[in-house]
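Here is a short briefing on how the parts of this model meet. Please view the sequence and structure first.

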Amino acid sequence: MTPSAHDDLYQLLRDPIDIAALVSHVRAPGDGAIVTFDGFVRDHSHGRRTLYLDYEAYESMALAKIHEIGATLHEKFPIHRAAIVHRLGRLQIGETSVFIAVSAPHRPAAFDACRYAIDTLKRTVPIWKKEYFEDGAVWADGELPPAPAATPAAKPAS
Amino acid sequence: MLPAAQTIRVKVLFFGRLKDLVGLREDCIDFSTDATVEQLFGAYVHRIPELAKYRSSVVASRNQEFAAWNTPLHAGDEIAFLPPVSGG
């Protein structure tokens, strides 16, 4: 568990995600809306029947990137609290792999922030899934995260 | 007598299909001090030529931050080679 300055919750978990606990974590009397995103394992991929998925992460970097997403949510949207949790390891069909909950006094910010969080997570957080089928397994097609372009002046962060 | 060659040790991590291809999740390698992330990847391409075709679909990181390919290596760096991400 990694609480933040806003009492947000960011986690990578190997156990099932407790959705109700996350929703209640972000809920407070000053809020009027909670928007959630529940991403779960589909039973097919590219026309083939999926048996299960196996997720792996570069855990230290993935958690750091999830924290960055959370910080950006508070900068960009008038929200109250966010919870972003991703599960790792083997997941069966129908199990939740990622869950995001955002609370806010008013619904537009909660909708916008939740959408921003899942879209950014899928593009920038170093997590990978391997899809297992009856006749083999493949690493899922993914998105290449935006990285700094090489320039003669490029310097490493200290 | 020649001076000892200047080398630094870096930790290298592979994920997803790169881990399968290299056969390692984690490696430690001694490298020349003036080398870049690109040259480090090149050293693994030399060992495993099939890696070359993934070069355009890999992003590198240095100490948990995305890094340009010409980022210089420093002693103790943790460099990772990341295939396209597919979380969610």
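Two residues count as in contact if their C-beta atoms, placed from the backbone, lie within 7 Å. The model is predicted. By that cut-off, the contact between the chains draws 32 residues from chain A and 27 residues from chain B.

**Chain A's side of the contact**

- Four elements of chain A each supply at least two residues to the side that touches chain B: helix 2 (59-76), strand 8 (96-104), helix 3 (107-124) and strand 9 (127-133).
- By class, this side of chain A has 21 nonpolar, 6 polar and 5 charged residues.

**Helix 2 against helix 3**

- Helix 2 of chain A packs on helix 3 of chain A at an angle of about 150°, and their axes are 10 Å apart.
- Angles over 145 degrees count as roughly antiparallel, so helix 2 of chain A and helix 3 of chain A are roughly antiparallel to each other.
- The crossing of helix 2 of chain A past helix 3 of chain A is right-handed.
- Helix 2 of chain A contributes Lys65(A), Ile66(A), Ile69(A), Leu73(A) and Lys76(A) to the contact.
- Helix 3 of chain A answers with Ala113(A), Tyr116(A), Ala117(A), Thr120(A), Leu121(A) and Thr124(A).
- This helix pair's contact has 7 nonpolar, 2 polar and 2 charged residues.

**Nonpolar core**

- The largest nonpolar core has 63 residues.
- Ile84(A), Val102(A), Ala113(A) and Ala117(A) have the most contacts inside that core.
- Beyond its neighbours within four places in sequence, Ala117(A) is in contact with Ile69(A), Leu73(A), Ala82(A), Ile84(A), Ile100(A) and Val102(A).

Note on methods: Residues numbered from 1 in each chain as written. Chains lettered and ligands numbered in written order. Predicted model: local features only at pLDDT ≥ 70, side-chain atom pairs only at ≥ 80, totals over all residues. Nonpolar A, V, L, I, M, F, W, Y, C, P; charged D, E, K, R; others polar. Core = buried A, V, L, I, M, F, W, Y, C linked by C-beta atoms within 7 Å. Buried ≥ 20, exposed ≤ 12 C-beta atoms within 10 Å, placed from the backbone. Axes fitted to C-alpha atoms, helices over the stretch in contact; angles between N-to-C directions. Parallel < 35°, antiparallel > 145°, perpendicular 65-115°, else oblique. Left-handed = near helix turned anticlockwise from the far one by under 90°.
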